[in-house]
Amino acid sequence: MASTLIKNGLVYDGLGNAPQKADIYIKDDRIERIGETICQEADLVVDAAGRAVTPGFIDIHAHEDEFSGNREDDFFTAGRGLLMGVTTQIVGNCGDMYNSMEELAKRIDEEGAPVNFMTFIGQNYLREQAGADDRYKASTKAQIEKMKTLLYETKKYSPVGLSCGFEYAPGVTTEETIELAKALDDEGYLISVHFREDGPKAVDSTRELVEISKATGYGIEMSHIGSCSAVGYMDDTLKVIDEAKLKGVDISTDCYPYNAFCTGIGTAVFDEGCFERWGKSYSDILVLDGPYVNRRCDKELFEKLRREDPDLHVAVFAMNQDEVDKAFATPYVMVGSDCGFVNRHGHPRGAGAFPKVIREYVREKKILTLMDALKKMTVLTADRVNLDEKGEIKEGRDADIVIFDENTIADGATFENPTMKPVGIDYVIVGGKIAADHGVIKDDSCGRYIRYKNR
């Protein structure tokens, strides 16, 4: 059996407790012992003196790559996540899926992956499968019945629950979503929702999620609250969530540490009225790929790309930084990258979100302590998706671990160079194996497909 000894590290358990200097002994994929000085032979000894040793980061809101047959491309996004300390990604968000659950599970079960994967089943994906491919039209009763059948059949692959992308498919009704979610016909699932409308409708969009939770009995994960509400409505949105939680509604949310969102330029996000809603203009849109990469839009380029290249991804600098900061200062807001690269291009959050939280909110702005930040990256998310064996440094738990210098860890990715590696991360351990070593992927098969456990 393989064994690893991590010596002399400053161990953060993930629960928010003060760190302790300790050694960690790993056998196979489990943390077997934690102690001040462990004198035991091991196949590999890692000296973590002067380094933070923490649970692997868990990304509550990620996006998988579409499988094309090339392994590096198929797991490119996961590889960028690994290099920034992410050991588990929850994918299938915003109502979208790029691969079937069967394909995703089979591929990872057989070959492994750079990180562990869990997945939602996307509502908009189900709509497409059922022939409801007009995003502005409600599904017919027959289409809903087909979606319910498809959703029920996915239970064999143990999805986390249903994900919704209301803003991307304005024709989806609340009633359809409630009916569809109930087809899961079991307790303990989670519904991840990309809100219906940002800006002035952010509060109403949040109230809709509260009502869905009440009607279905399932928890709600409100996706990336920053892109919904950090345009003048963060206080009001958080108030709705706080009041709902006080009344027993199971709702939480996540955020990425940037003031720009990213999406396809042909989506309904850019329908008429968007600029008025955000108080922004064409020049606040940055092209992220293609012949116009790193160019700001004007009206002519915006309309050309909408018409000729609707799948092209762009960044929109629409959010107020102080409101994003307020989201991160809220204890129940978790870290989610919303990552997903296309043609190896995209938003820097896919390669930098987690170290950026530590650099910006812990070291520079001092909005969070390192313990607070780690809790948002580890145990809060593990609890949210019922990962009983992850999210903490504890004997008997899975050996998913990050070793980094808390004084130098920082994001390297920028909008101009969105896949640049972070700095300050020495090792990322997945399932007891060193998957990344000082910014180099050493083993891209350590991750597994995790089947969700209902409670």
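Is N294 buried, partly exposed or exposed? N294 is partly exposed, with a relative accessible area of 36%, where buried means under 20% relative accessible area, exposed over 50% and partly exposed in between, taken with a 1.4 Å probe and protein chains only.

The structure is a predicted model, in which local features need pLDDT of at least 70 and side-chain atom pairs count only at pLDDT 80 or more, while totals for chains, interfaces and linings use all residues. Residues are numbered from 1 along each chain as its sequence is written, and side-chain values use heavy atoms, with hydrogens and water left out.

**Loop residues**

Helices (H or I, at least four residues) and strands (E, at least two) are DSSP runs, numbered from the N terminus. N294 belongs to the loop between strand 15 (285-287) and helix 11 (299-308), and its phi is near 65 degrees, a positive value in a residue other than glycine. K366, found in the loop between helix 13 and helix 14 (370-377), likewise is not a glycine and has a positive phi of about 55 degrees. D388 is placed in the loop between helix 15 (379-384) and strand 18 (401-404); from E64 it is 324 residues away in sequence and 23 Å away in space, C-alpha to C-alpha.

| Residue | Relative accessibility | Class |
|---|---|---|
| N294 | 36% | partly exposed |
| K366 | 64% | exposed |
| D388 | 41% | partly exposed |

**Helix 13**

Helix 13 is largely enclosed by the rest of the structure, because 14 of its 16 residues are buried.

**Helices 9 and 12**

The axes of helix 9 (residues 234-246) and helix 12 (residues 321-328) come within 10 Å and cross at roughly 20 degrees, where axes are lines fitted to C-alpha atoms, for helices over the stretch in contact, and angles run from 0 to 180 degrees between N-to-C directions. Helix 9 is therefore roughly parallel to helix 12, since angles under 35 degrees count as roughly parallel. Contact, meaning heavy atoms within 4.5 Å, is made by M234, D235 and L238 of helix 9 and by E323, K326 and A327 of helix 12.

Note on methods. Parallel < 35°, antiparallel > 145°, perpendicular 65-115°, else oblique.
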